[in-house]
Amino acid sequence: MTTITYEDFAKLDLRVAKIISTDPIPGKSRIIKGIIDLGDDKRTVIIGGAQYYKPEDLIGKLVIVIANLEPKTMAGVESNAMLLAADVDDRPFWLTVSVDVPLGSPIK
């Protein structure tokens with residue numbers, strides 16, 4: 001495991017977001033297009049794990065995202081944040097918030 005400095009970690013803008021819509025991506029079996037709500041901002045994201053989850057089952061989940069990650073385009077869709085997940089045998093388990101907190105709340 002590589003270590004980073006606290007200053008490196010502090011550069012990450014981790015926030016609570018809600019998945020408000022999802023759509024399959026034609027021809028792609030491992031990724032889903034999603035829209036997340038950060039409270040004052042809605043963004044398109046790519047969500048991995050489509051082979052394990054139905055798109056509609058993700059709607060409404062409060063997840064943790066990296067909000068200041070450089071955008072990346074995959075399958076013709078620009079992703080403007082990254083959902084955090086535990087990886088168990090290549091299956092993502094999304095890091096979620098179990099209580100209602102304001103969308104966009106920072107994670108520290």
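**Exercise 1. A hairpin and its turn**

Which residue takes a positive phi in the hairpin of E8 and E9?

Solution. Before starting, note that this is a predicted model in which local features need pLDDT of at least 70 and side-chain atom pairs count only at pLDDT 80 or more, while totals for chains, interfaces and linings use all residues. Residues are numbered from 1 along each chain as its sequence is written, and side-chain values use heavy atoms, with hydrogens and water left out.

Step 1. Helices (H or I, at least four residues) and strands (E, at least two) are DSSP runs numbered from the N terminus. Strand E8 covers residues 85-88 and contains valine 88, and E8 is joined to E9 by 4 bridges in an antiparallel arrangement; two strands count as paired if DSSP finds at least two bridges between them. Within this pairing, aspartate 87 stands opposite proline 92 in E9.

Step 2. The hairpin has 2 residues between its strands, and the residue with a positive phi, near 55°, is aspartate 89. Most residues other than glycine have a negative phi, and aspartate 89 has its positive value although it is not a glycine.

Step 3. Aspartate 89 is exposed, at 75% relative accessible area, whereas valine 88 is partly exposed, at 43%; here buried means under 20% relative accessible area, exposed over 50%, and partly exposed in between (1.4 Å probe, protein chains only).

**Exercise 2. Another positive phi**

Where does alanine 75 lie?

Solution. Alanine 75 belongs to the loop between strand E5 (72-74) and strand E6 (77-79). Its phi is positive, about 50°, although alanine 75 is not a glycine, and with a relative accessibility of 40% the residue counts as partly exposed.

**Exercise 3. Aromatic pairs**

How many aromatic pairs does the count come to?

Solution. Step 1. Rings of Phe, Tyr and Trp (its six-membered ring) pair if their centres lie within 6.5 Å; planes under 30 degrees apart count as stacked, over 60 as edge-to-face, and the rest as tilted. By this rule there are 2 aromatic pairs.

Step 2. Tyrosine 6 and phenylalanine 9 have ring centres 6.4 Å apart and planes at 50°, so this pair is tilted. Both residues belong to helix H1 (residues 6-10), where, being 3 residues apart, they are separated by about one helical turn. Tyrosine 6 is exposed at 62%, while phenylalanine 9 is partly exposed at 35%.

Step 3. Tyrosine 53 and tryptophan 94 also form a tilted pair, with 6.5 Å from centre to centre and 45° between the planes. Because tyrosine 53 lies in the loop between strand E3 (42-48) and helix H2 (55-58), and tryptophan 94 in strand E9 (residues 91-94), the pair ties together parts that are 41 residues apart in sequence. Tyrosine 53 is buried at 18%, and tryptophan 94 is buried at 14%.

Step 4. The charged end of arginine 91 sits over the ring of tyrosine 53, 5.2 Å from its centre; the rule asks for NZ of Lys or CZ of Arg within 6 Å of the ring centre and within 35 degrees of the ring normal.

**Exercise 4. The sheet and the core**

What is the order of the strands in the open sheet of 5 strands?

Solution. Step 1. The order is E3-E2-E1-E4-E7, with antiparallel pairing. E3 and strand E7 (82-83) stand at the edges with a single partner strand each, so one side of each is left without a neighbour in the sheet. E1 and E4 are paired over 5 bridges, and leucine 14 has isoleucine 66 in E4 as its bridge partner.

Step 2. A nonpolar core is a set of buried Ala, Val, Leu, Ile, Met, Phe, Trp, Tyr and Cys residues joined through side-chain atoms within 4.5 Å. The largest such core has 15 residues, and those with the most contacts inside it are Ile36, Ile47, Val65 and Leu83. Two or more residues each come from strand E1 (14-24), strand E2 (31-37), E3 and strand E4 (62-66).

Step 3. With contact meaning heavy atoms within 4.5 Å, and residues up to four places away in sequence not counted, valine 65 touches several residues, including Leu14, Ile36 and Leu83.
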